[in-house]
Amino acid sequence: MSPNRFNQIDTIKEEFIQEWNDGKSPTLISYLSRFPQYAEELSEFVMAFAQVHAVPLEEAQPTEQAKEAMLRGLSAGQAKARTVAARLKEIGMSEPELAKRLRTPIELLGVFHSNQIQNVPSSFWRRLAQALSLSEIQGRQMLAPRNLAYRTAKGAIPQPRTFTDVIDDLQKNGLLSPEDYAFWKAESEAE
Amino acid sequence: MQREEHELETEEPEKLVERIRWHIGEVGIKRDQPGQAVHHEEIATELIERLSMRVLGKAEGIAKRICGTAYDLHSEGLVEIFKELNRVIRAVDTREGLETQFAATFERIAIDACRRVKSADHRISGKGNRRVQVISGDEDADKEGGEEASVLDQKEDQAALRGYLAIIGEHAFESIAHRMKPRQMQVMTLRLQGFDFKEIGEQLGIHRDTASSDFEKACLFIQTNISPERGENL
């Protein structure tokens, strides 16, 4: 989708919200008739808008968890790095420090690049995002298998592996401490 | 309204701070000390943080409504909201850009960011499959022409549907809910929960095109059976 199209849809969405905030009664149907070319995007947006405004939104005092997420989001917005190594340099963190925060050996990150790993506990993504001050989506993108399309075309992608299998291997090779192994085993089983 | 990426990267920090100050001057700004070096990037960051603090309560409410609170997904929604807010504030290049419609811009950013998180959650980790299916529609009844079925069993779904219907033009939910075909109601409710047509098709055992068609029919049904006013309950 072109940047212009994005901007145009954003402006239309904001017009819808502004009308609502002004106490008018904007309707999806009226917007669809005005902008049929954006039917799908507008429908999805208005449905989410309705979820928010179905009952009055109460603004509570923000929690500490919310403040942490806000600061992480602002930091993530500044991130220019596209790889874990570049992000570490950007925030001045060492690999061992990251490994300590993740409770996994740094070698695990390399496994993500060369394999498709399934059933990764959500707590792993959360730890990675928090450690690198990124959103989880950014963290997942940084660990996505590399050259996937090319390798798939060449038949060079191995069978997907499960997270549990990977940590089993790491433990057998003496890269994962018994405590961390037990921790990730429990996390995997919990999900 | 928004600048190209390459322009953003080369913008002088002084200009950035000047614009942000203009946009959010009422928040209060750090005074530059005479004789001291001015770190405009730090000032810009501080200003954006203050602005973010002002809208954090609302952001949290939106994130909880759209992402839900399971698996801390709303926290990830918040991260995405402020990541995008930071980008947009730095990208708006006209004074009118944020000043006149900041509330609308913020809410648009928040809703879209949370939708992205929820969508990524479904796509990447398959958590969508773990969600409790709240629809208990009777497919057989639907096949027989649509008897009144208990398609909305949970209050929160009803509330969401009321809100949705209000926005597309509903006034009296009760008067039309039982007249809709159960499957159309199922499709609409699943759409409200963020599922796409393919996922809805899989859940209901129908083709995605059928799900899409049912959704359109439901919208048309509502449009032609209700008055275009905001519901009183809102």
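Because the model is predicted, local features need pLDDT of at least 70 and side-chain atom pairs count only at pLDDT 80 or more, while totals for chains, interfaces and linings use all residues. Residues are numbered from 1 along each chain as its sequence is written, chains are lettered from A and ligands numbered from 1 in the order in which they are written, and side-chain values use heavy atoms, with hydrogens and water left out.

Start with chain B. Chain B has 12 helices and 0 strands. Helices (H or I, at least four residues) and strands (E, at least two) are DSSP runs, numbered from the N terminus. Of its 234 residues, 49% count as buried. Buried means under 20% relative accessible area, exposed over 50%, and partly exposed in between (1.4 Å probe, protein chains only). Contact means heavy atoms within 4.5 Å. Among contacts in chain B with a separation of 6 or more, 68% link residues 24 or more positions apart.

Now bring in chain A. Here 59 residues of chain A are in contact with 59 residues of chain B. The area buried between the two chains is about 5400 Å², and carbon and sulfur atoms give 61% of that area. Buried area is the accessible area (1.4 Å probe) that two parts lose on being put together, summed over both. E14(A), M47(A) and Q51(A) supply 12% of what chain A buries against chain B, more than any other three residues.

A salt bridge is a side-chain nitrogen of Lys or Arg within 4 Å of a carboxyl oxygen of Asp or Glu. One joins the side chains of D10(A) and R108(B), at 3.3 Å from N to O. On the chain A side, the elements giving two or more residues are α1, α2, α3, α4, α8 (122-132) and α9 (136-142).

Next comes the largest nonpolar core. A nonpolar core is a set of buried Ala, Val, Leu, Ile, Met, Phe, Trp, Tyr and Cys residues joined through side-chain atoms within 4.5 Å. This core has 47 residues, of which L78(B), I81(B), F82(B), L85(B), F106(B) and I111(B) touch the most other members. Elements of both chains give two or more residues, including α1 (3-21) of chain A and α4 (73-91) of chain B. The most come from α6(B), with 10 residues. Leaving aside neighbours within four places in sequence, I111(B) is in contact with F45(A), A48(A), F49(A), V52(A), I62(B) and I66(B). Another core lies apart, with 29 residues, among them W125(A) and Y181(A).

S75(B) is found in helix α4 of chain B. S75(B) is buried, with a relative accessible area of 7%. Beyond its neighbours within four places in sequence, S75(B) is in contact with Q65(A) and A69(A).

Finally, the salt bridges. Over all chains the count comes to 20. D10(A) lies in helix α1 of chain A and R108(B) in helix α6 of chain B, so this pair joins two chains. D10(A) and R108(B) are both buried. E80(B) and K83(B) form another salt bridge, at 3.1 Å between the closest N and O atoms. These two are 3 residues apart in helix α4 of chain B, so about one helical turn separates them. A network of salt bridges links K13(A), E44(A), D112(B) and R115(B).
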